[in-house]
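Good morning, and thank you for coming. I would ask you to keep the structure in view while I speak.

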Amino acid sequence: MKLNKKDILTALESITVPGEGQNMVESGAVKNVVTFGDEVIVEITINNPSLQAKKRTEVDILKTIHEKVYEKAKITVNVKVDAPEKPKPNVIKGKPVPGIKNIIAVASGKGGVGKSTVTANLAVSLAKMGFNVGVLDADIYGPSIPIMFDVVAEKPLAVNVEGKSKMKPIENYGVKVLSIGFFTQPNQAVVWRGPMAAKALNQMIFDAHWGELDFLLLDLPPGTGDIHLSIMQSLPITGSVIVSTPQNVALADAKKGVAMFQQESINVPVLGLIENMAYFTPEELPDNKYFIFGKEGAKNLALDLKVPFLGEIPLVQSIREAGDFGRPAALQTGTALEKAFEKITQNVVQEVVSRNEDLPPTEAIKITTMAGCSAVKK
């Protein structure tokens, strides 16, 4: 028997699209019908993505054509699902902090890689370039920024801003600083659960008078945990910078740090990787390089992950001494260290400019399920 396309379409008019009130032909779900001899091919598109709806559509078409047109027809049904993109329920519009243009999170998967040292030197390098800079020490359990800026003994004052009492950040070297270290004793351990730590962070963010800032750097704690989520729920972060040493043990954790920011539910642009302690140069042999922790590990990881490599910092004794003394090494003049930090800072600024030109503003996240804590799906 030779099948007729018109008869097939008439039969399909008796079938309702799953989840819709109209029939398949009227709704436009039927995209094409091809007949030749006793064979027919039906191409159809539905909006319901469930496997059950797809199977039901196929069965209904087969049954209807066999019953209403020809019981021995050879039928091929091609069902395509074109489901509309659902809005992400766990993402809300971020609440920007008035006066702050860019918020950069400095993170590391592993502790002890020099993240706070990098943050401090980035901050003073930005200030030397003429930017208005602030640093929020978000490492609640191990605040070290006050030491690095030589402001351990300082206490933030209260100032009146539009009828509200606000904390005034401590300022040194042209950088405004706030840290939980200002509110605890030097030998006092901060033994807080996550919610209490998050509340303290929110106070330092929103109850502080930062003024006009081009950059607010967030010195995050190591790892990928509760503090990180709290920060990203509170602030629309412009981008993140990951610090790592070249060794495999640190790179494995740095990779997790990158993955955290790239998670669909978080979606914070990664501006790039910085390799700290890239090589050791002794003071008496300034031209020698000893790759104690491995060579170009972070640089190769950046290539693998397709994120920018922002630069490398050598393992030099004066960096440690400068941090302990409270005067970041980037404040030195005419040294290789100053040039290294200047180059990295220039790369960070360039990545921020490119990110702001190419991407929409980052939104703060709202974790409504454990999806925000899940592993990244590759």
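Predicted model: local features only at pLDDT ≥ 70, side-chain atom pairs only at ≥ 80, totals over all residues.

Residues are numbered from 1 along each chain as its sequence is written, and side-chain values use heavy atoms, with hydrogens and water left out.

The chain holds 10 helices and 13 strands; these are DSSP runs numbered from the N terminus, helices being H or I of at least four residues and strands E of at least two. Of the 378 residues, 46% are buried, that is, under 20% relative accessible area with a 1.4 Å probe, protein chains only.

Eight strands form an open sheet in the order 8-9-5-10-4-11-12-13, with mixed pairing. Two strands are said to pair if DSSP finds at least two bridges between them. At the edges are strand 8 (170–172) and strand 13 (309–312), each pairing on one side only. From one strand to the next, the twist averages 25°.

What covers strand 10, and how many of its residues are buried? Strand 10 is mostly covered, with seven of its seven residues buried. Strand 10 runs parallel to strand 4, joined by six bridges, and I104 has L217 as its bridge partner there. With strand 5, strand 10 pairs in the parallel sense over five bridges; here L136 is partnered by L218.

Further along, strand 11 (residues 239–244) and strand 12 (residues 270–275) run parallel and are joined by five bridges. In this pair, S240 stands opposite V270. Helix 7 (residues 248–262) packs on the sheet and touches strand 4, strand 11 and strand 12, contact meaning heavy atoms within 4.5 Å. The direction of helix 7 makes about 170° with that of strand 11; axes are lines fitted to C-alpha atoms, for helices over the stretch in contact, and angles run from 0 to 180 degrees between N-to-C directions.

Finally, which helix does helix 7 cross, and at what angle? Its partner is helix 8 (residues 297–305): the axes come within 11 Å and cross at roughly 35°. The contact is made by L251, A254, K255 and V258 of helix 7 and G297, A298, L301 and L305 of helix 8.

Conventions
Buried < 20%, exposed > 50% of the residue type's maximum accessible area, 1.4 Å probe, protein only.
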